[in-house]
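Me: I have a structure open and want to work through it piece by piece. Can you help me read it?

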Amino acid sequence: MSIAEIFDTMDYGPAPESNKEALKWIAAHDGKFDLFIDGKWTAAKSSSRFDTIDPATGKILASISTANNADIDAATKAARKAQKAWEKLGGYGRARHLYALARALQRNARLLAVLESLDNGKPIRETRDIDIPLVARHFYHHAGWAQLQDSEFPNHEPMGVIGQVVPWNFPLLMLAWKIAPAIAAGNTVILKPAEFTSLTALCFAEICKNAGLPNGVVNIVTGDGSTGEHIVNHTDINKIAFTGSTGVGRRIRQATAGSGKHLTLELGGKSPFIVFEDADIDSAVEGVVDAIWFNQGQVCCAGSRLLIQEGIHDKMIAKLRARMEKLRVGNSLDKCIDMGAIVAPVQLSRIEALVKKGCEEGAQMWQPSWAVPKEGCFYPPTLFTNVEPASTIAQEEIFGPVLVAMTFRTPGEAVQIANNSRYGLAASIWSENINLALDVAPKIDCGVAWINTTNQFDAACGFGGNKESGFGREGGHEGMLEVLRPKFEAKLPHYKPAKVKTESGKSATSPLASIDRTHKLYVGGKQVRPDSGHSLPILSAKGDKIAEIGHGNRKDIRNAVEAARKNAGWTKNSAHGRAQVLYFIAENLDARKAEFTTRLVETTGVTTKQANDEVEASVRRLFSYGAWADKYESRVHSPPMRGVTLAMKEAVGTIGIVCPDENPLLSMISLAGPALAMGNRIVLVPSEQHPLSATDFYQILETSDVAAGAFNIVTGIRDELAKTLADHDDVRSVWYFGPEAGSKLVEEASAGNMKRTWTNHGRARNWFDLEQGEGTEYLRHATQIKNIWIPYGE
Amino acid sequence: MATISKLAPTSHAHARNPGLPFDAEAVEDIHVNLSAVERRASTLGGRRSVKKDYQAAWLLKAISCIDLTTLSGDDTAGRVKRLCAKARQPVRPDILESLGMSERGLTTGAVCVYHTMVETAVKALDGSGIPVAAVSTGFPAGLSPFELRVKEIEASVAAGAEEIDIVITRGHALTGNWQALYNEIKAFREACGEAHLKTILGTGELVTLRNVAKASMIAMMAGADFIKTSTGKESVNATLPVSLVMIRAIRAYEEMTGIKIGYKPAGGVSAAKDVLGYQFMMKEELGTEWLQPDLFRIGASSLLGDIERQLEHHVTGRYSADFRHPMA
């Protein structure tokens, strides 16, 4: 077209970013890449290779190695060998290395941006303006955490060797999210990039080498799902960090169950994008573009469910369609496009299949009038209206540029629809009414909420989800705690199951000495009979039968969880209000000290002095959590924007707590206290051997203003009940402190709804020890952090 | 593909805005989120890019939208004549020739002067088809007696101005007296008669985007043919966020009435790179029609010089210098 013709049409022309330097870099490696192990390019043990493809053109970019079990073993050995020295280098030394990496990443920013865009298909605008700057920012930020580690995380140490598996949607950014905190803290890593997108990870390996990072600190192993499995299953890895699909995350949870590996999972989502009638609708429409047409919608936290207040539905949809007409899809290296290519044909097929399903189910599909390029792997922006929460496309994660729109009438209904999902990753809330927006954000069950903005990320602000979107947070203070562990943890002795008492045949109960007591269960604020109608005999330390307790079963757990679900009052109560109740429990326990002491002597066989110490420690512990209730506070982050990000510590929900046999009163209080202080409702299984301290406790709960349903106790066979709790889809976390096999049982079963778990991995704590028995570690498990982004300005 | 051998005369391709009766609700319902607007404004430049011939064509188009302006206390007839000569021939003929544009009769969109210079400008532009725009109504503060402001418009129209750039009483917007603002602009529009009314909101002095959005809507309801950011005399003049808000108001007005209103950023647009950002915004938020001079003007004095240098660079491949291009 001549200039005069363009002058008339005012079209955009091609605006290609050069791929020359990127192709030159690939050519310098002869288009073939080995594994990066122990600071060296290392040929894979098997000859199995695969090609990585530019999805915008279908052209082969390079040949990549598949690491097998032996390669992972070599990488793990290298990482293990390097770890101690890396840890010993100290925070300042590691900070210098991370700083050097951040600088080197910036010096290679354009090469990385182009490589990423070529390999993944995402627009160069995004890699250049979003991915790569965030990558550098992540290393700067974590250089800072390394520097401050001793002062900010005292009594913590690195976990050791961390295995990391990252997805293809933000290849280098996810690598940065994984590697920066891990190595800042003194861990060494083995990272596997996604099969579709290995190139920037390999380029990063080269940057590490050139930047003088000690050998073995970062190991990059490429491959497919089998490579990932080798990492997950390797016995000398201390932690697995995974970002990817919920399906794979679930398999990893099962595979690592009982292995003692720490785990963080950042999984799928179906995040709501809520527009209230008092929103700046034009800006909200633009927000939708950033929410679902960012990275072709292949974003775990994509705002894929548009919830519009009914009165503005038609207006918003009309504006949205007009906006969609203006979107441009094309080659990822074109600087004049909004959307690039879908990562691979298999993903394209998945999108097509779900869109077809949506149409079949009666939803109305709309796509702009223009067509996407015929060559390459493209899909147009797509909007579904006439969608109901029951529609498949409203529930399933599509992971493509497909938006489903629904309406709501009231803020309450918006929250209800938003939470009507198995996922709970992110939410975007649009309203010019600060009261409304700040009321809704905490009510959405998710890890990140954006007010009048969307898809904002920063190294200082934790990111991660709830429910089937995974657990753990990456970034910021909370993210560092996922790569560190308390120093005492590795030194804990093995858990010794309580000795099974031998029955003496004598019964210590006499109706004449004391009136016969029935030890029932405590559910919904009431003492209730067990569903089974069966009882279990309880023996004294000497083996005399001293009581019969209710044999709780599945249905009792179900009832207890239901009671917890129904009684939201405890969670809504103010922190001060909860503190009052915890102090009141302490007061009432203190008043009955003698009785509880006697019971401990009788059931556990400790001396009166020891029993008295345990009761006193329990009272003191309750005081600690009364104190903590209004002091374990949220943080306010300062990301680079005009605004604040509130890192709100929220209650997890219903927590199942399975108590150990040792110190039955103190261990129960140590676990129940923090959970209650933070506003959780609990279903607690007391010591199987010594449950009477718990059943005696009912009367204290009844006289201490504990909200009905906040504290439920089900006695019975520990692991039977633990399994039911771990299986239950409405239990959000299970804490297990019993024998090693139980940890495995709980972790395996938790995969059902991807609930959080906190297990002792067969180690025993000293409940009297202040570091092991109480404090912020407990409170951290009793809360989940939601980062609420609030940009402001008029 | 629409081809035009000559540039169409400006300002007359669309139905004029008849205005709407005053409706307080139309402004009460306006919500603008500053951070979101800034985000869109700051990222749009990264989403769009024109290179090579496309860039040259877009910059030539920008020239056709420039209101070549002189608004100084020391303006004289000689200075205005020189400006008009530049408006007639904004780019060196040999450069236009190389770009294949010499037959197009490229001129700037208008020449913009104070009332006292209107006659001189009209004479100097005779036969060129280039309209003369007069800043009016006590420009730049707009606080002279109301009757005098109306009379100033009438005098400029009588002197041959085809476009009148009025300033609003910013106080009406700052105090939320939308009825008074509406009445004022409506009276100015009536005084314009056939001349087109360009309403300067003084956005730098309205301060908040919410005020800008509301004042934009009132100006259009009162019959403005164009809405314009600023006088060029404020401490903050045209910005992309302000433009986005005004452009979206234009879109909303079109959704309400079907009438197309023009947009004119003024002050602060001095580099070729900047003007492309405004053009992208016009095309993306409103459409290609809004890239033409009947719906888009740029109030600028030094922008043309930068565009000329860019165009010469496009032709020669060498970076240009300002003395190589005839001054205005």
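Me: Let's begin with helix 9 and helix 11 of chain B. Is their crossing left-handed or right-handed?

Reply: Helix 9 of chain B passes helix 11 of chain B in a right-handed crossing. A crossing is right-handed if the near helix is turned clockwise from the far one by less than a right angle, and left-handed if anticlockwise. Helices here are DSSP runs of H or I with at least four residues, strands are E runs of at least two, and both are numbered from the N terminus.

Me: Before we go on, what kind of model is this, and how is the numbering done?

Reply: The model is predicted: local features need pLDDT of at least 70, side-chain atom pairs count only at pLDDT 80 or more, and totals for chains, interfaces and linings use all residues. Residues are numbered from 1 along each chain as its sequence is written, while chains are lettered from A and ligands numbered from 1 in the order in which they are written.

Me: Back to those two helices. At what angle do the axes cross?

Reply: Roughly 40 degrees, and the axes of helix 9 (178–192) and helix 11 (209–221) of chain B come within 8 Å. That makes the two helices of chain B oblique. Under 35 degrees counts as roughly parallel, over 145 as roughly antiparallel, 65 to 115 as roughly perpendicular, and the rest as oblique. Axes are lines fitted to C-alpha atoms over the stretch in contact, with angles from 0 to 180 degrees between N-to-C directions.

Me: Which residues meet there?

Reply: Helix 9 of chain B brings Trp178(B), Leu181(B), Tyr182(B) and Ile185(B). Helix 11 of chain B brings Lys214(B), Ala215(B), Ile218(B), Ala219(B) and Met221(B). By class, this contact of helix 9 with helix 11 of chain B has eight nonpolar, no polar and one charged residues. Contact means C-beta atoms, placed from the backbone, within 7 Å. Ala, Val, Leu, Ile, Met, Phe, Trp, Tyr, Cys and Pro count as nonpolar, Asp, Glu, Lys and Arg as charged, and the others, Gly among them, as polar.

Me: Now chain A. How do helix 20 and helix 22 pack?

Reply: Helix 20 (575–591) and helix 22 (608–628) of chain A pack at about 170 degrees, with axes 8 Å apart. That makes helix 20 of chain A roughly antiparallel to helix 22 of chain A. The residues of this contact between helix 20 and helix 22 of chain A divide into 10 nonpolar, two polar and one charged.

Me: Where's the cis peptide bond?

Reply: It joins Phe139(B) and Pro140(B), with omega about 0 degrees. Pro140(B) lies in the loop between strand 3 (132–135) and helix 7 (146–158) of chain B.

Me: Buried or exposed?

Reply: Thr137(B) is buried, because 31 other C-beta atoms lie within 10 Å. Buried takes 20 or more, exposed 12 or fewer, and partly exposed is in between, with C-beta atoms placed from the backbone.

Me: And Glu388(A), buried or exposed?

Reply: Glu388(A) is exposed, with 12 other C-beta atoms within 10 Å.

Me: Last one. How many residues are in contact between chains A and B?

Reply: 34 residues of chain A are in contact with 37 residues of chain B. On the chain A side, helix 1 of chain A gives the largest share, seven residues.

Note on methods: Contact = placed C-beta atoms within 7 Å.
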